[in-house]
Structures are given as C-alpha cells and as structure tokens.
Amino acid sequence: MRVNGVEHSAPTDARRLLSDHLRHDLGLTGTHVGCEHGVCGCCTVLLDGAPVRSCLMLAVQAEGHEVTTVEGLARDVAPLHPVQQAFHECHGLQCGFCTPGFVMSVVGLLAQHPDPSPQQIEEGISGNLCRCTGYASIRRAVSRAVELTK
Amino acid sequence: MTTRWFGAPVQRVEDDRLLRGKGRFTDDLGEGALECCFVRSPYAHARITSIDVSAARAMPGVVAVYTAADLPFGGVDLPLLIPHPNLTHGRTQRCLASERVRYAGEAVAFVIAESRYIAEDAAELVQVDYEPLPVVITPEVALKAEHLVHDDVPGNVAAEMTQEVGDVDAAMRAAPHRKRLRFRYERGAASPMEGRAVWARWSAGERTLTVYDSTQSPTSIRGGLAVLFGLPESNVEVIAPDVGGGFGPKIMLFYPDELLVPYAAMQLGRPVKWTEDRQEHFTAVNQERGQVHEVEVGFDGEGRVLALGDDFIHDGGAYTPYGIILPIISAAQLPGPYRIPSYRVRFRDMYTNATPTSPYRGAGRPHACFVMERTLDAIAAELGLDRVEVRRRNLIQRDEFPYEVGVLWQDGNTVVYDSGDYPALLDRALAMLGPKPAGDHVGMGVAVYVEGTGVGPYEGAHVQVLVSGKVVAATGIPSQGQAHATVWAQVVADELGVDVRDVEVTGGDTRRFPWGVGTFASRGAVTAGNAMHVAARIVADRAKQIASDHLEAAPEDLELVGGQVRVKGSPDRGIPLAAVAVLSNPVRYAFGGGTEAATQFTAKAREGPPLHDGEQPGLEATGYYSPPGSAWASGCHAAYVRVDPKTFRLEILRYVVVHDCGRVINPLVLQGQIEGGVAQGIGGAFYERLAYDADGQLRNASFMEFLMPYATEIPRIEIDHLETPSPLNPLGVKGAGEAGVIPVGAVLASAIEDAMGVSITEMPLSPLKLYELSAT
C-alpha cells in the first residue's frame, strides 16, 4: 500500500488493524484511536481520497490502495493545509485528540463538496465525536476552510 | 506602546503540532514497550474462589502475569485521598482483587506481553472462578440495606453529614407555604476522547523511574509512586504529555495501572505501556452524578424562600477513594445564587456495586443546581407566579458581597461568595433570549448558578529568561485541552514585555516543575495563572535591578517593553532582555549566545563580588499562589426548546449563556470552554445514560449505545460575558472550565416541562422518558 505517497509493504500479521499498522508499524501516530468500534472517528484516514475508519479495517485490506493520514497533508514545516489552518484560526480544537480525524473528514468533505451548504457541513462532520469543543468552532472552521481553499 | 496580551483573543500556540499529527499523547510514545491487558471482573459483586493464570503464563510472547498474590503491595489498600471525620466507613480497593470484587470491571489480573494482541489473547486464558453475590446497584437499593457492599459497613452508609444555617424547623413552621419535592439524578460519564494510558521505564543504573501518564495530576502520582517504591521523589519523574481530555476522572489516584505499569517496568527491566480500550473505560474509570434528593421548602406568597431542607443520598460506588468531596460540594452549592435564610442539608454517601465515583466536570454542582432551580419552578407553579420573577426575588444582590452561605466548602473553609452580580446575569440572559418563538410545544427554561472555582491549596510556576531572550515557563499542572500554554504565555508576556510567541510553557512535567496539585475544580487560571504572574513579576523586578546598574537609572524608572528593559520616557535608553539574562549569570567561560559580556575582564557596572549577598545567578524565579478561598464564578443560561409531540425529539431553538468568571484572559479560549461545557451538559441531560441493570451490568458500554452527541445534536450557543473581578487574587480571575455544564440539566428540564406540561424531576431525559411521562 502507499501511505502518504510512499510505498510500504503489508504487515505480516493478518489480523493487524490498519490503525495499529499506521501508528505502531509506520510510526504515524497522528491517527488516533478513540473507541476501536468505528463510532468516534478519531482514526479517520483517506483511502483513495475518501474518509474511512482505520480501526474498522485490517491493514492487509489496504493493500493496493492509497492511504492518506494527517501527516500527509502538510509536510514538516511546510505551511498548514487550509483545513488545518482553518481549525487553528477558529479554535477548532482543544485537547487535539479527535482533531486529526476531524481534519481528514473535512478534507474528504471538501473534496466532494468544495462549496458545501450548511446542511452538508453538518452531515460532513456528524460522523466524528468531539468531547471538548461542542462543535461550534469546528463548524466555523469548516466554513473558514472553504474560504481558504477558494 | 505596551501590547497587552491579557484579555486578547490570542490564537493558540499549541495547535501546530496537534494539527500536523505530531501530538504526544501517551500511546503515541513508547514504541517497543511491552504491552498489557487487564482481566476484569464480569460480575458486579462476587467472591473469588480461585484464579489460575498458568495457561496465560505459558503462552508464547507472554512476559508476566500478575495477580494480587504476586505483588508486594497486593494486600495494601489503595490510598484514601481525602479523609474526612464524617467518612466513618471509608473503603478503598486493592490494586488487584483477590477475594471479592465489588463492581463489574474491577481489575483481577494483569497480563504483560510482547504485544497488545498477545496480551489480550492471554487474558482470555486466565481462569477466575467467581461465586456471585447479591448486587446493590442504586443508592435507593443501597439505603434499604437488604444486602451489603462491604460486610463491615452497616447500612451501606460510608458517611453521613448534616449542616444547618439558621433554624429550619422554626422557619418552616412559620412559612405560609410549604412543599415537598423529590429529585433524582443518575450517573454520567466524562468520556474524554483519549482513554487513560500509562507508559513507564526504569533505569536500574540511575535508579530512576520515568512515567508518562494521561493524568490530571502528575505531581501527586509522583509522590505516591515514591512512597510505594521507597524512592526519593527526585528519582521519580512523572509526565502528563498531551492529554486527550480529562473532565475529572483522570485526577483519580491510583487507578491500578498507575501502580502496575511502573512496577512491571521495574521488575522486568523493560519499558511497559498500557493503553485503555473504550469498553474498559466505561467500567474502569470513575463516574459521577447519581443522587436522590428529598426537599422540603417553605416560602411566602411572593415566592421568597424562607426555609430549605434537603436530605439526599449520594451514589458513591463500590469504594470511596475520593472521600466525600462530591456530596460536600452538592450540599455547599445547592443554595446557589439565592438568599436562603434557613438551610439544612443532610447527606448519606452510599456504597453501591458500581464503578467508584469521583468528580466529573461540574462535580456535584449540576445536580445541586437542578434541585434548586426545579424547586424554584415548583414554587412559581404553586403560586401562579412567573418563574423569572421568583428567581429575581430570591437572588443575592450585588451589594451583599462578600456573601457568607455558612456551610462547609471543599477546601475546608466555609462558603463565602467573593463577588458577582447575579441580577445582571439574569437580565442580560433574558434580553439575549428575546421573545418566545411562535409555534406549539415550545418551552422556555432558565437557570442561574454559581461555581466555587480555583480551590487551593496552591500552585507554583517557574519563569526564566534565556540568553536568547526567549522565555520558558513551567508549572506542575497539565493541560487537557484548556490552552494553558497560550494563556500562561499571555500572563508572562505582559509582565516581561515580550511577544507571547516568545514564551514557551511546559505543564505537568515534574522534571520541569515538581510541586503542585493538579488540574481540577476550574482552578488552573486562578492558581497556576496567578503563580505565573507572581513568578514573572519577580523576574521583571530582577531584570530592572540588573539593568539599572547598566542604564544608570533607578529600577523604578525602568519598564519592560518590546523585549527590552528601558528607561520610561526614553525609549532609546534600553538594554535587550537577552543581554540582561547574560549579565544575570557572571561566567568565567563564555559559551556563546553573547555570554562573553558576563566574563571577568569586561567592564563592570558595579563594585563588589559578581554576585552580591542574597543574589542568585540566572534571570529566573519561582512563584506560588495559594488562594485564601474560592473565587466564585456565576452565570445564567436560558433556552427555548421544542419537543416533537409524536417522536419526543428535542429541538433546542435558542440557547444563551451569560457567564461571569471575573477578568477574562483569552475570550477565544473561554468561548471554547463554555461551548464545550454546554455540549456536555446537553449530552448528559438528554442523550447519555449509563444503563445499569439490576445485576450491576452496564448494558451500553460502547459509543454505539451510550449516545454522546455529534454536531447534529448541539445547537449554536450564544454567549455574553460579565466581568466582576475576584478580589481574592492579583489577576482578578475566576475559573471557567466547568461552568458551561452546570445549569444545562436544570434549563432543559424547565424548558421541556414548559413545553409539554409534564412534571420533570429526573435526569437524564430521553425521547423514551418523555413518552413515558406524557403517557402517565
């Protein structure tokens, strides 16, 4: 599988979750694990550009696919990706644990709907749990990300 | 011109790494460590008849399996954190249960293996035989005392306490109107997105234990580990790295893993890491809020409360590690912002066969607020008066501060409100709320609350200007998302006249600052914030002292502005703060960074030895702040809701908050705290319910069934601030972390009652609950 543009060999353990593979085999610990049953969305990554929950996939299922994690959005000291920048400007994060999942969901949302309606924003972020912000600042961040992307 | 950072909406300095996926949460660290899994009791109450770990130990990849019998501290009760004379029957659990389990989820064995996958497989091979015992699952059942949680605790009562202000019996007899009410509030769960995690490594050569812990109190963990393992505190380092939300339960100590992981690392000579999974978080991490209140209130025909009596039972859970702080807070906070001439409160802290309780955001207050506000609504209904008017007639007025309530507070003092303007909160909230929207099944709710914040005993801070001119600051308490690194930097930057981005703050790392208490009780801004202010001011004074010799001006004529120490009124007569830092440390050997200016053959600005008596090298200082009492924040929430008459779906049409936490350090951060608090309040009031059955099994221990709100459930929150500074601390601040959650249950209950015309006396609600209420 390709992860953030780099080819990696599959894990040897067939039952290894994609989330564990990314975090513990590839060292991409930005993908977080909040529930391991596919509800919280902390582990969201892009699989061929679409948001998926990496805790609900085995790593071997990602063979032949392109995986993008939060580390793949803006390299090292490069400027933040517009979605990351918008979360910063709008105080769209507090503890930051759910944040990579939200960011990847919103990147996926804006790829599908570059100019989303309020309803589409609501739906786009309604698969991720945040316990800190109450979501208001995340909604603002999505609107800001649309502006920054234009 | 002086830039003032305090009060500005400074964007957070901690965001960058978190947004890039470079955060350092405990499970992100410690790659290559051994991994662990607990064996936990499936029964809420049972006798253990045998434990057989031989098959697990024999499994390839398993490094160790511990039961209580394997531990030198296996027979030791874990500490009772907050003793109190009324806690006559305090009981704490042991690290691993060996004879009896008292809640489903109690730890019985601990498996350590080369990977988590192997540890989980091996845990399934541990054979524990149980003899189930009768289960005591609610405080009401506990009160019946048909069965005991602890054989030696009669009546399941851990503690009983009665307090009285005035003469309630006489005032009640004399009151023109009396009413008896019963209110029930169920347990809730904090559910931070990051569960708990601990990673420990032991350096045998240096005899140093290093522990990374997703805790709200690394300094306390360090003290406890040092005692348990017989190490000097200086040989124990505890770090709370990035912590993915806390909301209270991460301040407990000790959870079993906090002892077992370091112990295993020391025994095995290898780093060991344990990361909780979500399912075990639901049963192994402390919960809160279960209380049942029996209220009698006496009032006059105008709706003024003359006497209030409350007798409540508190669901303490299976053990009382946190003492009786929660019912003490409920008892203290129940009168809220209202003048109650005669008040008597009695509580009994009951043992139940459920997860132990300790503070969860709000900590005793949401339920107390619910009881008081529901009581006022009942008075209004009884007299046919407007609910707002009844509140207005009972509110403490702005000229009555300091206002003494007279009951015990959680810091050992009695409750004294330091400042506030409660009528203004109410007026402003109602003005914001505006007229009631048209339509059927629409209701209005309102609640006013106070919150004792910033409790002691103290926090400290260390501030240092480096020879680069950059500033580093550290405090003992960690952040769980409250933007400490930003707000402390604002406080320090103001005192030192530097840019906020030039101040780097570390919290919750005992290597950087070993003293302190923890992040809880909305106390960070008050305690650590003021300690930062104190330390930075000492540094500023010292900088002026050093610079005065070089600028040939008196220290009092100097100011710190723009990274310089300069003469007031003469901006060109100044010296960079970096140069002052160099001069603060006389050196023999220049080591770069401009330090040649502080060597022995350079021109001296003053006579005498390089360091005068009492002087210390370095432009640094440590400062502490110890509050004389709590700073009492307050607020008013009001809402319009609509309840669908067929599906009982709740629609929050408008939700307004007017909040007073004294002087605001960062409005952006404060807004986030309020919005997040209200969202948790809405979740706890209408969506989240811990569904324990009669056998003590939590039937919904997953996010599939425990319905934490998504964005779709949380409306826009409109917020305004009132600022009545606290007279108790130099910054005039009060805490803000918990406030948002406190009145939400009361507001929604009031609004739903108004919309549906049914009596609401319980929390949490749900569409099903409303259906049941409307059907009766």
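Helices (H or I, at least four residues) and strands (E, at least two) are taken here as DSSP runs, numbered from the N terminus. The model is a predicted one, so local features need pLDDT of at least 70, side-chain atom pairs count only at pLDDT 80 or more, and totals for chains, interfaces and linings use all residues. Residue numbers start from 1 along each chain as its sequence is written, while chains are lettered from A and ligands numbered from 1 in the order in which they are written.

A521(B), in the loop between β21 (503-507) and α14 (524-551) of chain B, has a positive phi of about 55° although it is not a glycine. This residue counts as buried, with 27 C-beta neighbours inside 10 Å (buried means 20 or more other C-beta atoms within 10 Å of a residue's own, exposed 12 or fewer, partly exposed in between, with C-beta atoms placed from the backbone). R207(B) also has a positive phi without being glycine, near 50°; this one sits in the loop between β9 and β10 of chain B and is partly exposed, with 13 other C-beta atoms within 10 Å. Then there are cis peptide bonds: one joins L253(B) and F254(B), with omega about 0°, and another joins F401(B) and P402(B), with omega about -5°. F254(B) belongs to the loop between β11 and α7 (256-268) of chain B, and P402(B) to the loop between α11 and β16 (403-408) of chain B.

Next, the sheet. Seven strands of chain B make an open sheet with mixed pairing, in the order β3-β5-β1-β12-β9-β10-β11 (strands pair if DSSP finds at least two bridges between them). At the edges stand β3 (62-66) and β11 (236-239) of chain B, each with a single partner strand, so one side of each has no neighbour in the sheet. On average, neighbouring strands are turned by 20° against each other, direction ignored. β5(B) pairs antiparallel with β1(B) over six bridges, where F38(B) has F110(B) as its bridge partner. β5(B) also pairs antiparallel with β3(B), over four bridges, and here V65(B) partners V111(B). Seven of the seven residues of β5(B) are buried, so this strand is largely enclosed by the rest of the structure. Further along, β9 (197-203) and β10 (208-213) of chain B are antiparallel over six bridges, with V198(B) opposite D213(B). Helix α6 (218-229) of chain B lies across β10 and β11 of chain B, at about 150° to β11(B) (angles run from 0 to 180 degrees between N-to-C directions, and axes are lines fitted to C-alpha atoms, for helices over the stretch in contact).

Helix α11 (387-394) of chain B buries R387(B), V390(B), R391(B) and N394(B). Seen down the helix axis, these residues fall within an arc of 100°, so they line one face (the arc is that of the directions from the axis to the C-beta atoms). They pack against β14 (305-317), α10 (365-383), α12 (422-433), β18 (442-453) and α17 (744-756) of chain B.

As for the chain pair, the contact takes 43 residues from chain A and 40 from chain B (contact means C-beta atoms, placed from the backbone, within 7 Å). Elements giving two or more residues on the chain A side are α2 (82-89), α3 (99-112), α4 (118-125) and α5 (136-149) of chain A.

Key:
Contact = placed C-beta atoms within 7 Å.
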